[in-house]
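Walk me through this assembly, from single residues up to the relations between chains. Keep it brisk.

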4 protein chains.
Amino acid sequence: MKNINVGMIGGGFMGKAHALAYASMPMFFWPAPAIPVRHTVADVNEELAKEAAARFGFEHYAGSWEEVVNHPDIDVIDIVTPNHTHAEIAIAAAKAGKHVICEKPLALGAKQAKMMLDAVEKAGVKHMVAFNYRRTPAVALAKKYIDEGKIGKILNFRGTYLQDWSADPQSPLSWRFQKKTAGSGALGDIGTHVVDYARYLVGEIAEVNAVAKTWISERPVQTGGTDKLGTVKASDSVPKAAVDVDDEFMTLLKFESGAIGSIEATRNAWGRNNFLTFEIHGEKGSLYFNYERRDELQVCFSDDPADEKGFRTVYTGPATPYGEGLWPIPALGIGYGETKIIETYDFMKAIVEDTQPLPNFYDGYKTELIADAILASAEKGEWVKVPEVSVLA
Amino acid sequence: MKNINVGMIGGGFMGKAHALAYASMPMFFWPAPAIPVRHTVADVNEELAKEAAARFGFEHYAGSWEEVVNHPDIDVIDIVTPNHTHAEIAIAAAKAGKHVICEKPLALGAKQAKMMLDAVEKAGVKHMVAFNYRRTPAVALAKKYIDEGKIGKILNFRGTYLQDWSADPQSPLSWRFQKKTAGSGALGDIGTHVVDYARYLVGEIAEVNAVAKTWISERPVQTGGTDKLGTVKASDSVPKAAVDVDDEFMTLLKFESGAIGSIEATRNAWGRNNFLTFEIHGEKGSLYFNYERRDELQVCFSDDPADEKGFRTVYTGPATPYGEGLWPIPALGIGYGETKIIETYDFMKAIVEDTQPLPNFYDGYKTELIADAILASAEKGEWVKVPEVSVLA
Amino acid sequence: MKNINVGMIGGGFMGKAHALAYASMPMFFWPAPAIPVRHTVADVNEELAKEAAARFGFEHYAGSWEEVVNHPDIDVIDIVTPNHTHAEIAIAAAKAGKHVICEKPLALGAKQAKMMLDAVEKAGVKHMVAFNYRRTPAVALAKKYIDEGKIGKILNFRGTYLQDWSADPQSPLSWRFQKKTAGSGALGDIGTHVVDYARYLVGEIAEVNAVAKTWISERPVQTGGTDKLGTVKASDSVPKAAVDVDDEFMTLLKFESGAIGSIEATRNAWGRNNFLTFEIHGEKGSLYFNYERRDELQVCFSDDPADEKGFRTVYTGPATPYGEGLWPIPALGIGYGETKIIETYDFMKAIVEDTQPLPNFYDGYKTELIADAILASAEKGEWVKVPEVSVLA
Amino acid sequence: MKNINVGMIGGGFMGKAHALAYASMPMFFWPAPAIPVRHTVADVNEELAKEAAARFGFEHYAGSWEEVVNHPDIDVIDIVTPNHTHAEIAIAAAKAGKHVICEKPLALGAKQAKMMLDAVEKAGVKHMVAFNYRRTPAVALAKKYIDEGKIGKILNFRGTYLQDWSADPQSPLSWRFQKKTAGSGALGDIGTHVVDYARYLVGEIAEVNAVAKTWISERPVQTGGTDKLGTVKASDSVPKAAVDVDDEFMTLLKFESGAIGSIEATRNAWGRNNFLTFEIHGEKGSLYFNYERRDELQVCFSDDPADEKGFRTVYTGPATPYGEGLWPIPALGIGYGETKIIETYDFMKAIVEDTQPLPNFYDGYKTELIADAILASAEKGEWVKVPEVSVLA
């Protein structure tokens, strides 16, 4: 097995998830397509980078991403920084001939995403956008059923991503609540995961029609860059500043296939934690998935006898996608980490087999086009067409 | 206790539900506001009327609704016929000075509904539209929480009504699939129940933006008028005719309050039986209800301690609305019948106490205005405002 | 259709359920096997009897059960009084040549039950014991699967009946907490329903091994005989008296077939309302039922493909047992009342068709033998054999 | 942070879980109590050991456990071999002065476990038995509620561990189905986890009363030692041999506190995958946990207002035990791996802080005493007292 040296840019919560994946992917998938080596981790704050190296098991650390991107021993650049930094790093990495995996959303908008896509295509490197929830085995099983025709022609799709970690007005104004660093709010942060599900499972989206809301117009300013998500509440004395992104959006969808759909995402849904769901109705069956119970896929087949028909709760395990590499009994159960382990597996495999992984920057770009259309629709109050772009060659 | 003589027009599945309610309401709510007397049941087919009288315990039967509407001993006209007949009967009943309860949707559209509203207002009778699902105790409990401020200012609403009884293309073309008799499809038949929930729980809807689809364009023609819903499948040899109403619609909502929402209804959702649900997020909590598990209301309060916070599954029973009249232990459980028993209780009470019951023809009219707006929006592909009308005096 | 005149002894909560069934059974099952006529209701307190007649729609009332039992026009005696009165009334009714339906548990113990069984057998009348939960359509569906061999040879059974209506020490000392009136506590009141499930679904029980506990040793004395179940809490000033029956028991089971099992019943399970459940594992599949979600049966078939296997949630409706008489769409949903309506249907049918209904006094007697064995086992701390008795000819 | 060198004996499925924990514990809990170093992995088959080293990231490998146990650089011996080898290795490790963590069940029976306990106590090393399910954050939260008195005095406990991976008669006869290698069947393999829950949450068990069954009396002989659990089915031509351990047991429990309980474990429950559950009723509340939905704890508090009372579904996350080290949003979700990561964290912490971790060999011994009592009870058909032993000093 070949070693593949990884340079990771950024070392917050997401860095932990990626480091876990690099360390343990071969434990799960063996023989592994390649052995990912945690070569260097970079952070603008060199002290933080040093600590990240110790914590996440990287051999080296660096105080600037530039030196990592250009290091001759590095094969892969892994971008886990806030959204506004993705483009510059990814383009530089591509120019340096590195394969790139980038956290989602790919960019601050479609224009930037297109530049990134052009860069990686020109460089001929492998590229992936980290819509890790597509890797949940239950979702891969849903895709398998669909591809096998088991639920028939798809009529509709309904996806949600509901959270409550920022429902409290005292949750601080991190980079996730500012347009200049995040691009958008719930839309980019969580809504794009649902857009990715819709494209993955149903196909291309032709038109959208949306509403968007900012429920909490100002929040206490966070000092220090670390993203604590909802685990910290600011005191009343902390000065506040404006939120300029969406807390929630709802959109209708028209798919190119004729199917219809809706997506909703909000970070103000008390009691919903990581309520990433979809329901799909087809001519021959239905599917329901809820990430909060991620080991399970619900499926109903129309041709079951009338008195034996109903949603089946199928637990993923050895018999379902990626089962050969995961735990040997269904419901031993996977967590967030395993979605990243599978993502890493697919990425490494694509590199070694010289294929383009999915979802890649084309998918990231397409998702940005849809996200831009959603924002435009919410602003204009009308249906907005998603620009057609040719599929990556 | 006063006797109130009821004349029921129509004797299908819905007649059974109403007859059950008349027979048993005083058993549940005692002392009863009044004793409903099953006086006469009418059907255009006199034989059917005779049989309905025997089955449903009516003292008399009639071969035409006109004689019932004008019978001097009758106090209440109960309309459980297909949608296209509601207006004529209700208006005649009002003119004859009878109180009227009418199945939903009230009419074939807002124009007709307005005529009905005008007639009952002019006559000064009591009038009710049978959105019985509002009577589910768990839904009444949700309303109570909202009114008490327990979930705070409402941010959003999403409702669904998913069924599969006509998902099979061999389900016959009953009156429910024809515009002339039903007015609309899933929209009027089931979607209006969700519209009623939205208005009841959140308030008036200002604008809608919808898509609608007819998934099965033709169905085998049903012979005989009885509505079997999904229990019968036609053989392949039965000739087919066109469906001219919607099988499914999805709509976005803007409420007058600033809240947003969505509603989806379909009769093509395999595995969903009577999946009438809502989820509401407020500034202080969330609510979730699914009629398929109708004894339960899910509620999350934001001010619970962090390590004790989550959706509570509250079973309705003696401690919740209408509990004094229902079963003495939560989860002995109510069925469809109890929603009708409560409806009858509220209607009889309003008659005796000389108040106007809720929801009444004003609500039925308002719902028709919204339904019309949904259809118009789906056709035009744009936001459509719901006409403002003044609340019933 | 023949009229069958019913004389009902007792008029509390259970009287309401039975009256509902008599009034509405023909509305559900049409043509009905017979039309039950609510002829006379009796209560020792004649004022209560008078009110019960008005409320429950009986034509007559009586201040003593004796006059009802001996009334020439009465065909059926329905016993809905506290447990300690069952035997005397039932035996007198049998002697008077009346068919008898008796609430569960049949008697204060096996000895008394045997006398009742002997009486009805000698009289040649129809007899039924009201284990209505056996009538839940989902339970009847489980029985159907088992009889068709769909889950294979049964290995085990696990049943629970958990409630909390008397978990509060201030819940009053009604007749249900006293040996002289109830015979036993949770065992007779709710545990016998689970014993009935075990016998119905798996077969005869050969041996039991139990523990029993009285968690709340004294309760405030209730004044007045009405059974309010858990809806009333006594104030601290009400004097208390001793509880001499079990609040909870757990028992192991050995079935005659070789299967094993366990049953647990308690009225001290906070948050469980009417948590009557069973889980059955067979060589070819598994079943799970929870009455709190009574429209649903969970079933897993071992021969489903590995990636499509899991518990199916089957909603009962037109396609499942008794579906022809119930609501036309699954999940319109049944409540407690429908279990009694079906019970009445089966009883009337047996009378008209001159067969013995199930479960009858033989089953009630057998259940008492098992209940006695459970109490004996809990006292002695050892396995106790259930006496073998020959099946009713 | 100090490095702690680990020598792991065995390299199957469980080795993967432990290796994952060593590699990633500091990523989760930072600063880590110590950095576990994957020093050496041993297997009797040196080729397998070599492969395990490569796959699991160990620096060295060895063809015998003896050389690892006696290697001067090794601090901790981690035993992940079949049950019958635990004692010899653990005792040798203790004699060599190594800290020991051993998979469950600790031994083939209480006698052997006592020797192991004596050895580690004599050596003065740290020792832990790997009942990892105790580490599930939701279970730790249940313990916290109990310790804080939030559910009051505990009345009862019922636990289950239901699986189906060996329900198929063609599942091979691995070491798990033979007394000489496994000690017992479902009892030791999965039942002991439930025993551990019972002791952890409720307290010591005084007496047991059990039944046990071997449902599948012979299975196809497995060639090769690797434990594939249920992922492989043998063909019909493979010769069979006898199973001499239990497939299922049910036991009643009497706790020293006066609480009662039951435990059931089976590997023949179609549709149950890793259905490790408990339900606890206390005087002030109830708890329910199901590992298949391991991010959730269900809790009901008796003092909630009557119309707001019901089971709450609390998702574990930052606000619940171990939350500081896990994922920053509840329901990002943990899998099997995280239970092992937390276990490693607690073990390393105990070593560094010089305290004895929980559960340790004393707990493992106590659990063996209970398991022996369960087997004895099932054989004799009577209540069997669990020997009292003094708590570890």
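Contact here means heavy atoms within 4.5 Å. The model is predicted: local features need pLDDT of at least 70, side-chain atom pairs count only at pLDDT 80 or more, and totals for chains, interfaces and linings use all residues. Residues are numbered from 1 along each chain as its sequence is written, chains are lettered from A and ligands numbered from 1 in the order in which they are written, and side-chain values use heavy atoms, with hydrogens and water left out.

Start with a loop in chain D. D:Asn268 sits between β12 and β13 of that chain. Strands are DSSP runs of E, at least two residues long; helices are runs of H or I, at least four residues; both are numbered from the N terminus. Is D:Asn268 buried or exposed? Its relative accessible area is 3%, so D:Asn268 is buried. Buried means under 20% relative accessible area, exposed over 50%, and partly exposed in between, with a 1.4 Å probe and protein chains only. Residues up to four places away in sequence are not counted in what follows. D:Asn268 touches C:Leu155 and C:His281 as well as D:Gln163, D:Ser166, D:Ala167, D:Trp215, D:Ile216 and D:Asp247.

D:Asn273 lies in the loop between β12 (260-266) and β13 (275-282) of chain D. Relative accessibility is 8%, so D:Asn273 counts as buried. Which residues does D:Asn273 contact, leaving aside neighbours within four places in sequence? From chain A come A:Tyr315, A:Ile329, A:Pro330 and A:Ala331. From chain D come D:Leu162, D:Gln163, D:Asp164 and D:Glu292. D:Ser237 is 36 residues from D:Asn273 along the chain, and their C-alpha atoms are separated by 28 Å.

Now the relations between chains. Two copies of a chain are related by a rotation about an axis and a shift along it. Chain A superposes on chain D by a rotation of 180° with 0.0 Å of shift along the axis, at RMSD 0.0 Å. The two copies are thus related as by a two-fold rotation axis. In chain A, the C-alpha of A:Gly335 is nearest that axis, 2.0 Å from it. The same surface serves both copies, as 100% of the contact residues of chain A recur in chain D. The superposition is by least squares on the C-alpha atoms of residues with pLDDT of at least 70 in both copies.

Chain A also superposes on chain C, by a rotation of 180° with 0.0 Å of shift along its axis and RMSD 0.0 Å. Here the C-alpha of chain A nearest the axis belongs to A:Arg312, at 2.0 Å. Again the same surface serves both copies: 100% of the contact residues of chain A recur in chain C.

Turn to chain A itself. Helix α4 (residues 86-95) is mostly covered, with seven of its ten residues buried. They are A:His86, A:Ala87, A:Ile89, A:Ala90, A:Ile91, A:Ala93 and A:Ala94. These buried residues pack against β1 (2-9), α3 (65-69), β4 (76-79), β5 (99-102), α5 (110-123) and α10 (361-380) of chain A. A:Gly97 follows α4(A), and its phi is positive, near 80°.

End with a helix pair in chain C. In α8(C), C:Leu187, C:Thr192, C:Val195 and C:Arg199 meet residues of α10(C), including C:Tyr362, C:Lys366, C:Ile370 and C:Ile374.
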